[in-house]
Amino acid sequence: MSPTSDAVATVADGCLLLSHRLTEWVGNAPTMEEDVALGNIALDLLGQARGLFGVLGDEDQLAYFRDADTFANPALCATPNGDFARTMLRQLFADCWLEQVWSGWTDHDDETVRGVAAKAVKENAYHRRHSRAWVVRLGDATEESHRRMLAALDELWPLTVEVAVPGWREAVAAALTEATLPVPSPAEPDPGAIAGCTEARRELLAEMQSLARAHPGASW
């Protein structure tokens, strides 16, 4: 793959896995409205992944018939949901990353990538408002919600190394400050944390790919 296709694969895989993680909340979210919101965000991310897979090859093959070790997603996108605070902070980190990606790809050399990015910029603006609002709400609410956000920050910050592109830290810092949460120093690579996400990705894909692999070539 060229560097360009490598970058596209990273974003496509990240959107796919993050989408699947969010669907795990459907039916389990704190409110009915949040069930709908997270389901819609998951569908947006899935659509973005499908659009980018179309640039790289056959979307079904890329999603369902690759081994876990060939996925190029940032570790953050595969990490388990944990509690709602952890999910919302993970989503904020991912949304701020994708905000920089999509805005930079609206003039991409590939016409399809440009089209995906142009639509995704609008979708991601909603996603980021949603995740930021929850991070601020939970960070600056009760003692318990603040404690949970601090725990989520400690757990997730080491996974931000791969998504801390230019512009990301400033966007994240503004949200954390408003949420009365500390802004840590730039994350250092944590092999243990990355290894944990690699195993989580393997388990996630085993579930996600099981039906397609049990019935290869089936039409749905």
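Reply: What follows is a close look at one helix and the parts around it.

The model is predicted: local features need pLDDT of at least 70, side-chain atom pairs count only at pLDDT 80 or more, and totals for chains, interfaces and linings use all residues. Residues are numbered from 1 along each chain as its sequence is written, and side-chain values use heavy atoms, with hydrogens and water left out.

Helices here are DSSP runs (H or I, at least four residues), numbered from the N terminus.

Start with Arg86, which lies in H4. Arg86 counts as buried because its relative accessibility is 13%; buried means under 20% relative accessible area (1.4 Å probe, protein chains only). Leaving aside residues up to four places away in sequence, Arg86 touches Thr79, Pro80 and Asn81, and also Ala152, Glu155 and Leu156. Contact means heavy atoms within 4.5 Å.

The axes of H4 and H6 come within 9 Å and cross at roughly 50°. Axes are lines fitted to C-alpha atoms, for helices over the stretch in contact, and angles run from 0 to 180 degrees between N-to-C directions. H4 and H6 are therefore oblique to each other. The classes are roughly parallel under 35 degrees, roughly antiparallel over 145, roughly perpendicular from 65 to 115, and oblique for the rest.

Met149 sits in helix H6 and counts as buried, because its relative accessibility is 0%. It touches Ala85 and Leu89, as well as Val135, Leu138, Gly139 and Leu181, again not counting residues up to four places away in sequence. Leu181 is 32 residues from Met149 along the chain, and their C-alpha atoms are separated by 7.9 Å.

Helix H7 (residues 168-178) also bears on H4. In H7, Trp168, Ala171, Val172, Ala173, Ala175 and Leu176 are buried.

Next comes helix H2 (residues 32-56), whose axis comes within 13 Å of that of H4 and crosses it at roughly 35°. H2 contributes Glu34, Leu38, Ile41, Leu45, Gln48 and Leu52 to this contact, and they meet Phe84, Met88, Gln91, Leu98, Trp102 and Trp105 of H4. By class, the contact of H2 with H4 has nine nonpolar, two polar and one charged residues.

H2 packs against H5 as well, at an angle of about 155° and with the axes 10 Å apart. That angle makes H2 roughly antiparallel to H5. Among the H2 residues in this contact are Glu34, Leu38, Ile41, Gln48 and Leu52, and among those of H5 are Val113, Val116, Ala120, Tyr126 and Trp134. The residues of the contact of H2 with H5 divide into 10 nonpolar, five polar and three charged.

Trp105 of H4, which meets H2, has other partners too. Not counting residues up to four places away in sequence, it touches Ala7, Val8, Val11, Leu52, Val113, Arg114 and Ala117.

The largest one has 64 residues, and Val11, Leu52, Leu89, Phe93, Trp102 and Trp105 touch the most other members. Helix H1 (3-23), H2, helix H3 (59-64), H4, H5, H6, H7 and helix H8 (191-214) each supply at least two residues. H4 gives the largest share of this core, 13 residues.

Technical notes: Buried means under 20% relative accessible area, exposed over 50%, partly exposed in between (1.4 Å probe, protein chains only). Ala, Val, Leu, Ile, Met, Phe, Trp, Tyr, Cys and Pro count as nonpolar, Asp, Glu, Lys and Arg as charged, and the others, Gly among them, as polar. A nonpolar core is a set of buried Ala, Val, Leu, Ile, Met, Phe, Trp, Tyr and Cys residues joined through side-chain atoms within 4.5 Å.
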